[in-house]
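Student: Could we go through this model together, one question at a time?
Tutor: Gladly; here it is.

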Amino acid sequence: MSKIQTIQTYLDQEKIDLAIFSDPATIAYVTGFASDPHERHMLLFVQPDADSLLFLPALDVERARETVDFPVVGYMDSENPWHVIKHSLPQKQFSAIGAEFDNLNLTRYHGLQSIFQQSFSDLTPLINRMKLIKSRDEIDKMLVAGDFADKAMQIGFDNISLNVTEADIIAQIEFGMKKQGISKMSFETMVLTGNNAANPHGIPGTNRIENNALLLFDLGVETLGYTSDMTRTVAVGQPDQFKKDIYALCLEAQLTALDFIKPGVTAAEVDAAARNVIKKAGYGEYFNHRLGHGLGMSVHEFPSIMAGNDMVIEEGMCFSVEPGIYIPGKVGVRIEDCGYVTDSGFEVFTQTPKELLYFEG
């Protein structure tokens, strides 16, 4: 059954006459057509008992028609997109409409309201459930993305020097990836030195790489339509024993969680497996984010691996495991791998070593 047919079956069961999807990542997942419309509008309309309709900027129409086997309608920048949509859909009353709330911004909502003038039900749970369990083909593509992340990380390691800045290393990583055919990183590459790494979402810049400190790399690539995401923290010179102890604690937490994952446990229990290691050592307040997030065609997907989430882990789920300890003014450590749940455990997509690596200052 195709993904469109899965949606149609759901619509028929739930008595929904029309489904509207506006997230480019969802449209790519459902149809195989990937595009970023930027400020323009791209929407997929699915009916339970009729052809779907892909609506998008005119400049993408021909490429879309090469990919999908149902009607494609484009609009010119000078046209009102909502008028075009209204006259492209069947001229009938849709009594029940569903939309993907997580990507439905106010501009699109008001535009669609000008056509349908009724409330929508939320289809985000449907899409989340469809994306949740990855096929073998999806996992294989994510293994390729993970392999490129390992290569990107090695480029970063090869460019460690006290004579360069965080931004210099990022430039070398991304240039090296482009030379290997990777045109897009999964997210903005992070290289954070010293105290800058003590901010979980630190901003890289012109900070020169510090000696006798820790250096954090967080990166991923997008290839074959799928993403990767990994973090490593390494030593430059000879950091003091406190920094090395914090690193060892973070690694223990990650390895504990990785060993704990298997079908049947809950997301909250996986989070707790790592978090309890850090709490027992007295640093629980410095681990201030969830343990992990789902990933696939997007680098952040459903579900969240966190306290309070009693979702049962299933074979084929893919997510990150990334404990961190961030002590302002002293040290920041995060270690992250993404992977997939097997019938008895968890396999990671990335293979860069996790014992504390030392580089000359």
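This is a predicted model: local features need pLDDT of at least 70, side-chain atom pairs count only at pLDDT 80 or more; totals for chains, interfaces and linings use all residues.

Tutor: Residues are numbered from 1 along each chain as its sequence is written, and side-chain values use heavy atoms, with hydrogens and water left out.

Student: Is Glu301 buried or exposed?
Tutor: Glu301 belongs to strand β14 (residues 301-305); strands (E, at least two residues) and helices (H or I, at least four) are DSSP runs numbered from the N terminus. Buried means under 20% relative accessible area, exposed over 50%, and partly exposed in between (1.4 Å probe, protein chains only). Because its relative accessibility is 12%, Glu301 counts as buried.

Student: Which backbone nitrogen does the Glu301 side chain reach at 3.1 Å?
Tutor: A polar contact is a pair of N or O atoms within 3.5 Å; within protein, one must be able to donate a hydrogen and the other to accept it, and residues adjacent in sequence count only if both atoms are side-chain atoms. The Glu301 side chain reaches the backbone nitrogen of Ser298 at 3.2 Å. At 3.1 Å, the backbone nitrogen reached is that of Met297.

Student: What is the relative accessibility of Thr193?
Tutor: Thr193 lies in strand β8 (residues 190-193). Leaving aside neighbours within four places in sequence, its contacts (heavy atoms within 4.5 Å) include Glu166, Asn207 and Leu215. Thr193 counts as buried because its relative accessibility is 2%.

Student: Which residue in β18 stands opposite Ser320?
Tutor: Ser320 points the same way as Cys318 from strand β15 (residues 318-321), with Phe319 and Val321 pointing the other way, and all are buried. β15 pairs with strand β18 (residues 337-341) in the antiparallel sense over four bridges; pairing takes at least two DSSP bridges between two strands. Opposite Ser320 stands Cys338.

Student: At what angle do helices α1 and α6 pack?
Tutor: Axes are lines fitted to C-alpha atoms, for helices over the stretch in contact, and angles run from 0 to 180 degrees between N-to-C directions. Lys3, Thr6, Ile7 and Tyr10 in α1 meet Leu126, Ile127 and Met130 in α6. The axes of α1 (residues 3-14) and α6 (residues 124-132) are 12 Å apart, and the angle is about 140°.
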